[in-house]
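Subject: A structure for you to look through

Dear colleague,

I am handing over the structure below, and I would ask you to keep it open while you read. After it come my notes on what was found, arranged by place so that you can follow them one region at a time.

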Amino acid sequence: MQTPGSQSSLHRANLERVVRAVRLAGSLTQAEIARTTGLSAATVSNIVRELKEGGTVEVTDTSAGGRRARSVSLSGDAGIVIGVDFGHAHLRVAVGNLAHQVLAEESEPLDVDASWVDGFDRAEALVGRLVQQVGVARDKVIGVGLGVPGPIDVESGTLGSTAILPGWAGINPRQELSRRLGVPVYVDNDANLGALGELVWGSGRGVRDLAYIKVASGVGAGLVINGQIYRGPGGTAGEIGHITLDESGPVCRCGNRGCLETFAAARYVLPLLQGSHGPELTMEKVVELAREGDPGCRRVIGDVGRHVGSGVASLCNLLNPSRIVLGGSLADAGELVLAPIRESVGRYAIPSAARQLSVLTGSLGSRAEVLGALALVLSEMGDSTLLAENGMGVRAPAAMSSFR
């Protein structure tokens with residue numbers, strides 16, 4: 001038995017500190033581990049050697065600042081994590097290892113509003129297919145990250161707004177997928193996962209405070225404060241789409257009038273153009289036509305950008321983030337939408353907040369949410385999962401139930 005404050009307890013804690021630092025970063029040099037954990041270089045060297053001998057980490061030669069260094073990452077045999085992203089029109093699943101490498105990924109069309117049973121049936125089948133494809137044992141799956149296009153009620157674990165996914169009312173997505181797959185499941189909304197994905201792999205790397213704005217069928221924001229996703233006590237932080245721009249404006253699905261979403265989301269914007277461009281018009285097609293010079297599409301995208309910029313300005317005045325990352329289908333418009341966003345921020349935000357802010361598109365595109373789901377597992381899983389009771393080797397996670 002380890003006594004609190006004993007040498008064995010301190011050693012175990014140091015092992016977990018090193019594993020945690022590597023797990024969150026993907027890979028670090030030994031010098032970076034020392035700076036991150038506050039441990040001495042000698043202690044880090046000894047711990048890395050022990051973890052390598054136990055099969056928990058891999059060490060490769062690299063360079064840092066022009067000097068030879070040793071890069072440490074979690075072993076490819078330490079386990080895998082899975083990301084599942086439900087969008088309003090798609091299902092995307094990715095399998096990754098603990099060294100932040102994506103091993104397999106696949107997407108298929110799905111009307112998530114139609115049937116939650118069908119959605120989970122297809123997610124279960126796709127997860128099973130990809131795990132088999134990468135050729136790893138099912139008992140190597142440590143956890144699953146799950147993204148859904150709506151706010152999660154923190155207390156009940158159910159989707160907090162039936163207006164967003166009426167067919168999912170009363171469903172606890174985490175419990176449902178965990179029951180089917182037999183492993184821990186971590187769930188969050190799509191905007192938060194987009195923020196996490198861009199923070200770890202994309203346009204948010206290197207910053208501690210950012211907002212990921214997703215403009216698609218709805219408008220939402222994932223908020224990162226001091227390197228952590230901020231969800232709020234009820235799990236609804238980041239609902240930027242329901243900032244009121246015009247209290248006499250169109251009625252929003254939330255019941256209020258003139259929300260940002262009623263001026264920017266696809267369901268409200270597309271009817272402005274469908275009379276002239278046809279009823280089958282999509283937001284992706286609007287962006288494509290705008291890039292080709294279509295004046296109507298350019299005007300609509302510019303207007304959307306200015307409205308989004310008004311919401312971003314309010315966000316800047318409240319939270320003062322250093323970076324705004326735009327995601328969703330609108331992000332492909334590039335400067336056609338970024339320029340009007342910056343224009344509104346410059347007009348409505350406090351000058352000091354506006355000067356410090358950079359506004360750019362996400363670099364992960366439609367993959368942001370599923371990669372964020374992988375990052376969610378990597379950030380939430382316990383480090384003791386990777387260490388045997390004696391601090392060496394890998395503890396096998398719970399076995400997965402049957403896959404289709």
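**What was found**

Arg342 has its place in helix α12. Please bear in mind from the start that this is a predicted model, and that each value here was computed from it. At 34% relative accessibility, Arg342 counts as partly exposed, and once its neighbours within four places in sequence are left aside, the residues in contact with it are Glu335 and Val359. The chain also brings Leu360 into this region, for although Arg342 and Leu360 are 18 residues apart along the chain, their C-alpha atoms are separated by 9.7 Å.

Which residues of α10 are buried? In this helix, which spans residues 283–291, they are Met283, Val286, Val287, Leu289 and Ala290. These five cover an arc of only 165 degrees around the axis, and therefore they are on the same side of α10. Just after the helix comes Gly293, which takes a positive phi of about 105 degrees.

If residues up to four places away in sequence are not counted, Asn226 touches Arg208 and Asp209.

Another asparagine, Asn192, belongs to helix α6 (residues 190–201). Is Asn192 buried or exposed? Its relative accessible area is 1%, so Asn192 is buried, the cut-off for that word being under 20%. Leaving aside neighbours within four places in sequence, Asn192 is in contact with Ala221, Gly222, Leu223, Ile229 and Arg231.

Next, the aromatic rings. A search of the whole structure finds two aromatic pairs. In one of these, the rings of Phe86 and Phe120 have their centres 5.4 Å apart and their planes at 70 degrees, so the pair is edge-to-face, given that planes over 60 degrees apart count as such. This pair links distant parts of the chain, with Phe86 in strand β4 (residues 80–86) and Phe120 in helix α4 (residues 116–134), 34 residues apart. Phe86 is buried, with a relative accessible area of 0%, and Phe120 is buried with a relative accessible area of 0% as well. In the other pair, Trp116 and Phe120 have ring centres 6.2 Å apart and planes at 75 degrees, so this pair too is edge-to-face. Both of these residues lie in helix α4, four residues apart, which is about one turn of the helix. Trp116 is partly exposed, with a relative accessible area of 24%. Phe86, Trp116 and Phe120 form one aromatic cluster.

Finally, please look at helix α2 (residues 30–37) and helix α3 (residues 41–53), which pack at an angle of about 115 degrees with their axes 9 Å apart. The crossing in which α2 passes α3 is right-handed. From α2, the contact is made by Gln30, Ile33, Ala34 and Thr37, and from α3 by Val44, Ser45 and Val48. Sorted by class, the contact of α2 with α3 has four nonpolar residues, three polar ones and no charged ones.

With kind regards

How values were computed. Residues numbered from 1 in each chain as written. Predicted model: local features only at pLDDT ≥ 70, side-chain atom pairs only at ≥ 80, totals over all residues. Heavy atoms only, no water. Phe/Tyr/Trp six-rings, centres within 6.5 Å; stacked < 30°, edge-to-face > 60°. Helix = DSSP H or I, 4+ residues; strand = E, 2+ residues; numbered from the N terminus. Buried < 20%, exposed > 50% of the residue type's maximum accessible area, 1.4 Å probe, protein only. Arc of directions from axis to C-beta. Axes fitted to C-alpha atoms, helices over the stretch in contact; angles between N-to-C directions. Left-handed = near helix turned anticlockwise from the far one by under 90°. Contact = heavy atoms within 4.5 Å. Nonpolar A, V, L, I, M, F, W, Y, C, P; charged D, E, K, R; others polar.
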